[in-house]
Amino acid sequence: MNRKQTRIVIGAAISAAAIAVVVDHTRQRLPEPEKQLASQQAVIIIDEGEELPAESDADCGKPTAAGRQASPCSL
Amino acid sequence: MPAQTGKAVEPVETYWSLQLLSLMQEMAAESSNAVLMLLADIGQLETERRYPDAGLLFGGGHWRAYYHCHEAVSMHASEHGHFHLFTDIGDRAWAHVAGLSIDAEGQPLQWFAVNRWVTDGPWLPCQSFLEQLRFITANEAANPVGSWLGGLLQICRGDLFDLLSARDQRLEQFSKKGALAEALENREIYLLATSAIELQSTLEKHLLCIPADVLASARINNNEHKSD
């Protein structure tokens, strides 16, 4: 927080118009989101000589990050 | 600390409204807002991706948030995306507090509470939310987005307490037979409560016609923080 500006706000007469101007000037268009290009969960890096997931006995149908899949908005 | 909805303006609300207005003045001078600042360094905003991916720490490291946009799910008709806010309740456990819907111009639309399975982690009791607010101070000059989130949490503390109370009451309706754990994991229960945000009118309510003693108290509090 800029302390100098904090003092200015406190020292000034605050009006409804002043608040409206501040709020209005923070109304700035946000970028449009694009459909996620490549999910990190979908990226599989295979080293040379390593078998492909489909060739292993592992359960490839199980998501690698099961917790995140089950809880779409977790940390 | 009791919820403050519907009561006279408290000095703490005046103090935090002043802090938030000051911060917004700085953003306004740069023709920006909290979400634009958060997304300043990214190339392309993508749905489902978290910004920042590891979460933004604020409140002395006891609060954490990220912003994201869903492709198919929207919590509000005018929503561009939303923040999810978490707080550290100890033992490295982060409890979800609330979501914060943002419109296409970076303005807060509403708080919302979702079911536990949506965000995972421990369930945050209402009273714990108020206790966790103590970590949010005005000493995060280098973190304007975190300061903005912290300021919003502080000026909306009463509304948020009510939101979490409504969340719990709603959940009780689904778990009358005592099956709370089952309800918390029920995939058919997603959104539990919402609370509209009228930022401009809230600031006006907290800052206009301030009684002299309240303004003096805010000044004293502000000076105390400066000397920290």
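In which sense, left-handed or right-handed, does helix 2 of chain A pass helix 8 of chain B?

Modeller: The crossing is right-handed. Keep in mind that this is a predicted model.

Start with helix 2 of chain A and helix 8 of chain B. Their axes come within 10 Å. They cross at roughly 145°. From helix 2 of chain A, the contact uses Ala16(A), Ile19(A), Ala20(A) and Val23(A). From helix 8 of chain B come Leu199(B), Gln200(B), Leu203(B), Glu204(B) and Leu207(B). Sort the residues of this contact by type and you get 7 nonpolar, 1 polar and 1 charged.

Helix 2 of chain A also packs against helix 1 of chain B. It covers residues 16-25 of chain A. Here the angle is about 50°, and the axes are 8 Å apart. Helix 2 of chain A and helix 1 of chain B are therefore oblique to each other. This crossing is left-handed. Chain A contributes Ile19(A), Val22(A), Val23(A) and His25(A) to the contact. Helix 1 of chain B answers with Leu21(B), Met24(B), Gln25(B) and Ala28(B). The tally for this contact is 6 nonpolar, 2 polar and no charged. Look for Ile19(A) and Val23(A) in the structure. Both take part in the contact with helix 8 of chain B, and both take part in the contact with helix 1 of chain B.

Now step back to the two chains. Chain A has 75 residues, and 11% of them are buried. It has 3 helices and 0 strands. Along the sequence the pattern reads α-α-α. Chain B has 228 residues, of which 41% count as buried. It holds 9 helices and 6 strands.

Where the chains meet, 53 residues of chain B are in contact with 32 residues of chain A. Several elements of chain B give two or more residues to its side, among them helix 1 (11-29), strand 3 (79-88), helix 8 (199-207) and helix 9 (212-226). Helix 1 of chain B gives the most, with 10 residues. By type, the side of chain B that touches chain A has 23 nonpolar, 19 polar and 11 charged residues.

What about the strands of chain B? Its 6 strands form an open sheet in the order 1-2-3-4-5-6. The pairing is antiparallel. Strand 1 and strand 6 (191-196) of chain B are the edges, and each pairs on one side only. On average, neighbouring strands are turned by 25° against each other, direction ignored.

Walk across the sheet from strand 1. Strand 1 (residues 51-58) of chain B pairs with strand 2 (residues 63-68) of chain B over 4 bridges. Leu56(B) has Ala65(B), in strand 2 of chain B, as its bridge partner. The hairpin of these two strands has 4 residues between them. In that hairpin, Gly59(B) takes a positive phi near 60°.

Next, 6 bridges join strand 2 of chain B to strand 3 of chain B. In this part of the sheet, Trp63(B) stands opposite Thr87(B) of strand 3 of chain B. Helix 5 (residues 144-155) of chain B packs on the sheet. It touches strand 1, strand 2, strand 3 and strand 5 (108-114) of chain B. The direction of helix 5 makes about 65° with that of strand 1 of chain B.

Further along, strand 4 (residues 94-103) of chain B is joined to strand 5 of chain B by 4 bridges. Ile102(B) stands opposite Pro108(B) in strand 5 of chain B. Their hairpin also has 4 residues between the strands, and here Gly106(B) takes a positive phi near 80°.

Strand 5 of chain B is mostly covered, with 7 of its 7 residues buried. One pair to find is Phe112(B), which stands opposite Thr194(B) in strand 6 of chain B.

Back to your question, then. Helix 2 of chain A makes a right-handed crossing with helix 8 of chain B, but a left-handed crossing with helix 1 of chain B.

Notes
Residues are numbered from 1 along each chain as its sequence is written. Chains are lettered from A and ligands numbered from 1 in the order in which they are written. This is a predicted model: local features need pLDDT of at least 70, side-chain atom pairs count only at pLDDT 80 or more; totals for chains, interfaces and linings use all residues. Two residues are in contact if their C-beta atoms, placed from the backbone, lie within 7 Å. Ala, Val, Leu, Ile, Met, Phe, Trp, Tyr, Cys and Pro count as nonpolar, Asp, Glu, Lys and Arg as charged, and the others, Gly among them, as polar. Two strands pair if DSSP finds at least two bridges between them. Axes are lines fitted to C-alpha atoms, for helices over the stretch in contact, and angles run from 0 to 180 degrees between N-to-C directions. Angles under 35 degrees count as roughly parallel, over 145 as roughly antiparallel, 65 to 115 as roughly perpendicular and the rest as oblique. A crossing is left-handed if the near helix is turned anticlockwise from the far one by less than a right angle, and right-handed if clockwise. A residue is buried if 20 or more other C-beta atoms lie within 10 Å of its own, exposed if 12 or fewer, and partly exposed in between; C-beta atoms are placed from the backbone.
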